[in-house]
Structure formats: C-alpha cells, structure tokens
Amino acid sequence: YELLIEWNEKINLTAITEKKEVYIKHFLDSLYTIKAFDFSNQSICDIGSGAGFPGIPLKIIYPELKLTMVDALNKRIKFLDLICEELEIESNNVHARAEEYIKENREFFDVVFARAVAKLNILSELCIPFVKIGGYFLALKGSNTDEIREAGLAISKLGAQIEDVINYSLPYDMGERNIVKVRKIKKTKQKYPRNFGQIKKLPL
Ligand code: SAM
C-alpha cells in the first residue's frame with residue numbers, strides 16, 4: 001500500500017488512494033478470485049496487470065504460483081519490478097500488448113485472469129488464446145451481467161464456455177462484483193486474437 005501511494009504520485013497507477021478503499025477495492029477484491037479457483041501450483045498470467053491487481057495479492061498468498069504479469073505500459077512494468085524486488089516476490093513482468101505476447105505463449109498458461117482491462121467480449125479475445133485446453137480464464141468484473149451475457153458468442157468462438165459466474169459484494173457497501181469463470185474446451189483458431197484495431201472495430 002505504501003509503495004503504491006508513493007509511486008502513484010510519480011506515475012499514474014490508481015484513482016483509489018484512501019487506505020480502507022485500497023485495502024478492500026484492490027487487495028481484498030483481488031483475493032476474492034480464490035472463491036473461483038484453487039490457484040496452488042498453477043502457471044498464471046495476469047493480462048493488463050497495471051499496479052499488480054490481482055497478480056500481486058495472489059502471489060503473496062500462494063508463493064508457489066508461477067506468475068507472469070503483462071502490461072502495455074512500461075512505467076507500470078517498472079513499478080511491478082520494484083514491488084517484486086521489495087516484497088521478494090518472483091514474477092515474470094512483461095512489457096507487451098497481449099496481442100503481441102501471444103505469439104510465443106499460445107495455449108501456455110493454466111489460468112489467465114484480467115481485471116478492469118476491457119469489455120468481456122474484447123477481453124476474451126485477448127485472454128482465451130493464452131489458456132491451455134482444460135485451463136481457465138477468469139474475468140474480474142463489476143455488477144453488469146448484460147456484458148457477461150453478450151460475450152457468450154465470443155467465448156464459444158474462441159473455444160471456451162462460461163462454467164460459472166461467482167457473485168459477491170465487497171464489505172462496507174463498496175460494490176457488487178462478478179468473477180466470470182470460463183473453461184477452455186478446445187484450441188482457439190489461429191486467426192485469434194486479431195490486431196487490436198480489428199478487435200475494437202468488429203468485436204466478436
Ligand atoms: N488490472 C489492474 C487493476 O485491476 O487494477 C489494472 C487495470 S488498468 C485500468 C488497465 C491496464 O491494462 C492498464 O495498465 C493498461 O496499460 C493495460 N492494457 C490495456 N490493454 C492492454 C493490452 N491489449 N495488452 C496489455 N495490457 C493492456
């Protein structure tokens with residue numbers, strides 16, 4: 001928390017800075033993913049990790065996780081390198097766009113998760129290609145269930161299906177959230193992900 005606030009003054013990391021709110025909306029919210037999955041011993045990729053949510057809190061709880069955090073902004077990756085060094089956390093922090101990083105990491109991870117990166121249909125195209133067959137994509141979402149319903153077709157085109165939606169409320173009325181648990185059932189066609197221009201212009 002202290003490093004987050006200190007560095008937030010130099011580089012934009014989060015709009016939430018009040019201690020209790022950071023603890024609940026960032027740290028606790030990241031840990032709610034434990035409700036969706038037993039993370040021990042898995043290879044995990046956090047796409048659009050930003051200041052390290054949900055990757056860092058999970059790695060603190062499960063030090064044996066093989067964690068990769070990917071972000072398109074180098075200043076955020078530099079911050080993650082610093083946090084990992086200070087907390088003695090092992091993580092592969094990668095400065096790349098998901099659509100580029102996929103080239104060497106197709107169907108490579110047991111679990112891929114993402115929070116606050118894009119709408120679910122767009123996010124699915126960025127994330128599902130990284131997941132091994134039989135593995136999971138977990139999308140940490142707000143309370144809007146229309147977005148989840150609308151992404152059903154995209155998820156099936158990418159070779160996956162929604163297995164569960166885990167709903168929870170943060171304490172102190174800090175909001176309702178959903179974790180969309182998506183299971184990969186077959187290989188994603190090589191043409192996905194398309195370049196980001198096409199993904200945005202013609203979402204699946
Ligand atoms: N996951 C963090 C959280 O929940 O606090 C950060 C959320 S922040 C709003 C979104 C992050 O996703 C930004 O750091 C941005 O650089 C990154 N991002 C957006 N599109 C991306 C892409 N295609 N590939 C990699 N990172 C991306």
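Let me start at the ligand: one of its nitrogen atoms sits 2.9 Å from a polar backbone atom of Ala98, a polar contact, meaning a pair of N or O atoms within 3.5 Å; within protein, one must be able to donate a hydrogen and the other to accept it, and residues adjacent in sequence count only if both atoms are side-chain atoms. Before going on, please note that this is a predicted model, where local features need pLDDT of at least 70, side-chain atom pairs count only at pLDDT 80 or more, and totals for chains, interfaces and linings use all residues. Residues are numbered from 1 along each chain as its sequence is written, and side-chain values use heavy atoms, with hydrogens and water left out.

Now to strand β7, residues 176–184, where we find Asn178. Strands here are DSSP runs of E, at least two residues, and helices are runs of H or I, at least four, numbered from the N terminus. Is Asn178 buried or exposed? Asn178 is buried, at 2% relative accessible area; buried means under 20%, exposed over 50%, and partly exposed in between, with a 1.4 Å probe and protein chains only. The side chains of Asn178 and Asn167 are joined by a polar contact of 3.1 Å. Asn178 and Leu140 are 38 residues apart in sequence, yet their C-alpha atoms are 6.2 Å apart in space.

Let's finish with some backbone details. Most residues other than glycine have a negative phi, and most peptide bonds are trans. Phe53 and Pro54, however, are joined by a cis peptide bond with omega about 10 degrees, and Pro54 is in the loop between β1 (43–47) and α3. The bond from Tyr192 to Pro193 is also cis, with omega near 0 degrees.

As for phi, Glu88 has a positive value of about 55 degrees; Glu88 lies in the loop between α4 and β3 (92–95) and is exposed, at 75% relative accessible area. Asp173 has a positive phi near 50 degrees, in the loop between β6 and β7.
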